[in-house]
Structure formats: structure tokens, C-alpha cells
Amino acid sequence: MNSFLLGSYFILITHLGRRLTMSDNNAFEFIPATMVTITEHQETQRLDNFLLTHFKQLPKSRIYQMIRKGEVRINKGRAKPTTRLKAGDQLRLPPVKIEKSIDISIPIEAWQKIEKSIIFENDNFLIIDKPSKTAVHAGSHIPYGIIEILKKHGQHDFYELVQRLDRETSGLLMIAKNGKSLRALQETDILREYSLLVEGRWSDQYPDTITIDLPLNTENREQGERHVVVAPNGKEAITHFQRLQTEGNISLLKARLETGRTHQIRVHSAHIGFPLLGDNRYNPNSALKAQSPRLALHCQHLKFTLDGENYQFESPLPQELKAILNKIENK
């Protein structure tokens, strides 16, 4: 391309308006520098966390690069990743090239299913008894999840996850309804207990109660998919296990999380020789694959304090997991 054509192409790009689809890739668009006013929902949030949410399509490395280089400004000044935002702050965001957002139609039936699953709600948060195979948010090959459904059909303008559950995991899911409550809950010590079915007779190898303290590399990938592994240089991860029942070659355990790493219970359990039933990622060659129609992991108990008030929620073991134990017991 000669210099005249190159210059013309540059002029075309810089004058096409607010959003530009790059001519060489229709899957991307260019968003120019913008100014954002911080709301009360976003107050006290760290700058890096705000940007990670605002630019969900961008890799973490690009987020921290734009902060480090001063591309992001708060009230015209440079800031650190840990800077806390205040209501009314003027945030200058740099121009970015991101994947095009696609408007997804969310059927009313999806909302009705989630609405029936809400077991508690007040002005600050709600608790959903999430069914298995329901995603908490959109992802690759998943057009929408619970968060997108709530934002489309719910009564409020703010819904954010306090804790995450894998798509295949069922049980108690907490969602904040305002920024102040989200940050308060994220800083609160929340008791999280799970029920799980694992392969093997637990009592043959371990006492009824043990603690697993093994660091996890949560960024590891296999064939492009997240595959968490135990690694010496990983993040601290502590899980407390307790055996509740053993039937045949299957044990029912309770797991209490001291840390909340991605796939923590699944990886810790598999690493010590007791993989979860129905776990196609960390137990793909299971001899008992036919026994479980789903991942045998269920968030059963949440307990915490917010604004001086104590809360406690329970969700019984789902019928399909009870049936696995009953079938073995009645043989």
C-alpha cells in the first residue's frame, strides 16, 4: 500500500464516528476514549476491579497495562490499580478494540425459571437455589446466564455475583443488588459448605475429617479450556472435608471452603484420590460414570453477617443425588 493510500485509510478510520467496525475483521469494533461518572453503586470499588468488569472482553494484562501507562485517569490524574473509586469521580477510559457485543434475546421462560428459584430477597441481596446445568453468567457458547436474565427481567438496575458456582454445580447462589452490599459481602467471612459424592470408600484411607492445604494454579489451560491443577507456585487453597456416609464404593462428604479458588473442591478431592461423580473434567475416565447424570456437587449452606444482622440459608441435597445413594443402599 503506497503512502497516499495509507494516509487516506488512516483518515477514514479517524473520522468514522463513535464506534467503528475494523475493516479487516467484522467481529471487532473500535470504541473511542470515553468519560464515565462513578455512581454510588461503584463507590469504594478498586479501579482494577471496575475496569475488569467494564472491559470484560479484554485480557487482564491489557487492563493493568492501561493503568500502568496512565491511559486511565481519575479526575485528570493518574491512579493505581488499588485506588478506591468515589461517587462523582470522573473516569477517563482509553480507546480500545474489543469484540462486538451481540444483542441476545432472553425468553421470559428463562426468567420464570430463575424467579421460582429465588428463596430469599431483600434490598441488598437475593439467594437463588440454583439448578444444575444453569450458568451463572454468559460465556463461550453460553449466550446468557442468571446475571443476564436478572438484568433483563429483574426489578433492579444492579445485579452482581457475590460468589460463583460452576454451571454443573447446584445450590445456594448469592447475588448483590447494590454496589455497597457487594463490597461489604466480598469483605465478609462467609461460611460456605458443600455436599458432594465421590468415588471410593473414604474411611479406608482417611479419617472422617481432614484438611487439604494445596495451592492451585487456576490459570492453567488444556486444549484451550481452564484446567486447574495443584502447583507449588499456585494460589493458596484450603478445603476442610468431612465424611458423612459411605455406600458401596461411593462416599458422601461435606466440604467447607476456607478459600474460594476456581474448581477448588473438585481439584482437591480428585488430587487425593477421591474424584467427584459426574465430573467430566477432573474425572473423565470414571468407572462409575453411569451412576451420576450430573456433577455431584451442591452448595448446601451459607452463613454470614451483614450490617449487624445474621443470615443463614440451607438447601437440601437434590433428589437426583439422594437417589444415587439410595440405589446403592437398597441393593
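**View 1. The side chains of strand 12 alternate between two faces.** Welcome to strand 12, residues 209–213. Ile 210 and Ile 212 point to one face and are buried (under 20% relative accessible area, with exposed meaning over 50% and partly exposed in between, for a 1.4 Å probe and protein chains only). Strands here are DSSP runs of E with at least two residues, and helices are runs of H or I with at least four, both numbered from the N terminus. This is a predicted model, in which local features need pLDDT of at least 70 and side-chain atom pairs count only at pLDDT 80 or more, while totals for chains, interfaces and linings use all residues. Residues are numbered from 1 along each chain as its sequence is written, and side-chain values use heavy atoms, leaving out hydrogens and water.

**View 2. Strand 12 runs antiparallel to strand 17.** Five bridges join strand 12 to strand 17, residues 238–247 (two strands pair if DSSP finds at least two bridges between them). Which residue of strand 17 is the bridge partner of Thr 209? Look for Gln 242. Also in this view, the side chains of Arg 243 and Asp 208 meet in a salt bridge, 2.9 Å from N to O (a side-chain nitrogen of Lys or Arg within 4 Å of a carboxyl oxygen of Asp or Glu). Arg 243 lies in strand 17 and Asp 208 in the loop between strand 11 (191–199) and strand 12, so the pair ties together parts that are 35 residues apart in sequence. Arg 243 counts as partly exposed, at 22% relative accessibility, and Asp 208 is partly exposed too, with a relative accessible area of 38%.

**View 3. Asp 166, Arg 266 and Asp 279 are linked in a network of salt bridges.** Between Arg 266 and Asp 166, the closest N and O atoms of the salt bridge are 2.8 Å apart. Arg 266 belongs to helix 7 and Asp 166 to the loop between strand 9 and strand 10, so this pair ties together parts that are 100 residues apart in sequence. Are these two residues buried or partly exposed? Arg 266 counts as buried at 9% relative accessibility, whereas Asp 166 counts as partly exposed at 23%. The count for the model comes to 12 salt bridges.

**View 4. Arg 294 forms a salt bridge with Glu 320.** The closest N and O atoms of this pair are 3.0 Å apart. Arg 294 counts as buried, at 4% relative accessibility, while Glu 320 counts as partly exposed, at 34%.

**View 5. Ser 292 and Pro 293 lie in the loop between helix 7 and strand 19.** Ser 292 is buried, with a relative accessible area of 7%, but Pro 293 is exposed, with 58%. A polar atom of the Ser 292 side chain lies 2.5 Å from the backbone oxygen of Arg 294. Not counting residues up to four places away in sequence, Ser 292 touches Leu 277, Gly 278 and Ile 324 (contact means heavy atoms within 4.5 Å). Leaving aside neighbours within four places, Pro 293 is in contact with Lys 133 and Ile 324. The C-alpha atoms of Pro 293 and Ile 324 are separated by 9.6 Å, and these residues are 31 apart along the chain.

**View 6. Helix 6 has a cap at its N-terminal end.** The capping residue is Asn 178, with a side-chain oxygen 3.3 Å from the backbone nitrogen of Lys 180. Which residues of helix 6 (179–186) are buried? They are Gly 179, Ser 181, Leu 182, Arg 183 and Leu 185. What covers them includes strand 8 (125–130), strand 9 (160–161), strand 10 (170–176) and strand 19 (297–306).

Key. A polar contact is a pair of N or O atoms within 3.5 Å; within protein, one must be able to donate a hydrogen and the other to accept it, and residues adjacent in sequence count only if both atoms are side-chain atoms.
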